[in-house]
Amino acid sequence: MAARGPTLHLLCGKIAAGKSTLARELAANPQTVLISEDVWLAALFADQLTTGVDYLRCSKKLQQAMTPHVVALLAAGISVVLDFPANTTEQRVWMRALIAQTATAHQLHVLDLPDEVCLTRLHARNASGTHPFEVSDAQFRSFTKRFAPPTPEEGFCLVVHHPVG
């Protein structure tokens, strides 16, 4: 079902599940802006990202900087595809705050793929050299341990996708 007015699109899925691909598809809609965490992190913090702790620190800074921008876009009637992972409860707390500030429609797109498919896609992505960051199998496993799909209690409007491997 298409939402009326601006919509905040959020994405949940393991590394290489297809979040950025879906984000680009969603952003092709009229009056829709794509904001990609990977693009911004690479531009602002690439030299500072060597560990998971570095990622968390830099991602938090980026969230703080993006909050007024996202709120302003939604208030101006522009839909936003926020290509930031909604993979943990903590990450989704920020997203819930954005929704509360704007009272806008939202959709949390959940990409449900098994680890093996994500790893195969990750290897292909790494080999292509087209992604701003190369992720090792160990990093994939480390981030996947923290992955927590959204629960009904979190109150998101879920759209579940089952992409093919």
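**Figure 1. Strand S1 and its burial in the predicted model.** Six of the six residues of strand S1 (residues 7–12) are buried, so the strand is largely enclosed by the rest of the structure; buried here means under 20% relative accessible area, exposed means over 50%, and partly exposed lies in between (1.4 Å probe, protein chains only). Helices (H or I, at least four residues) and strands (E, at least two) are DSSP runs, numbered from the N terminus. In a regular strand the side chains alternate between the two faces of the sheet. In S1, Thr-7, His-9 and Leu-11 point one way and Leu-8, Leu-10 and Cys-12 the other way, and all are buried. This is a predicted model, in which local features need pLDDT of at least 70 and side-chain atom pairs count only at pLDDT 80 or more, while totals for chains, interfaces and linings use all residues. Residues are numbered from 1 along each chain as its sequence is written, and side-chain values use heavy atoms, with hydrogens and water left out.

**Figure 2. Parallel pairing of S1, S3, S4 and S5****.** Two strands are taken to pair if DSSP finds at least two bridges between them. S1 runs parallel to strand S4 (residues 105–111), to which six bridges join it, with Thr-7 opposite Ala-105 and Leu-8 opposite His-106. S1 also pairs in the parallel sense with strand S3 (residues 79–85), over four bridges, and here His-9 stands opposite Val-81. S4 is in turn joined by four bridges to strand S5 (residues 158–161), again in parallel, and His-109 of S4 faces Val-159 in S5. S4 is itself mostly covered, six of its seven residues being buried.

**Figure 3. The largest pocket and its lining****.** On a 1 Å grid over the protein atoms alone, a pocket is an open set of points where a 1.4 Å probe fits, with protein on both sides within 12 Å along at least five of seven lines, and lining residues have an atom within 4 Å of a point. The largest pocket has a volume of about 1300 Å³, a volume being the space filled by probe spheres set on the points, which are joined across faces, edges and corners. Of the 45 residues that line this pocket, Ile-15, Glu-37, Asp-38, Tyr-55 and Pro-85 lie nearest its centre. Among the elements that each supply at least two residues of the lining are S3, helix H4 (89–102), helix H5 (115–128) and helix H6 (137–146), whereas H3 gives the most, with seven residues.

**Figure 4. The salt bridge between Asp-115 and Lys-14****.** A salt bridge is a side-chain nitrogen of Lys or Arg within 4 Å of a carboxyl oxygen of Asp or Glu, and a search of the whole structure finds three. In the pair formed by Asp-115 and Lys-14, the closest N and O atoms are 2.6 Å apart. Asp-115 lies in helix H5 and Lys-14 in the loop between S1 and H1, so the pair ties together parts that are 101 residues apart in sequence. Asp-115 counts as partly exposed at 26% relative accessibility, while Lys-14 is buried, with a relative accessible area of 18%.

**Figure 5. The salt bridges of Glu-154 with Arg-92** **and of Arg-57 with Asp-54****.** The side chains of Glu-154 and Arg-92 meet at 2.7 Å, N to O. This pair links distant parts of the chain, with Glu-154 in the loop between H6 and S5 and Arg-92 in helix H4, 62 residues apart. Glu-154 counts as buried at 17% relative accessibility, and Arg-92 is buried as well, with a relative accessible area of 1%. In the salt bridge of Arg-57 with Asp-54, the closest N and O atoms are 3.6 Å apart, and both residues lie in helix H3, three residues apart, about one turn of the helix. Arg-57 is partly exposed at 34% relative accessibility, whereas Asp-54 is buried, with a relative accessible area of 15%.
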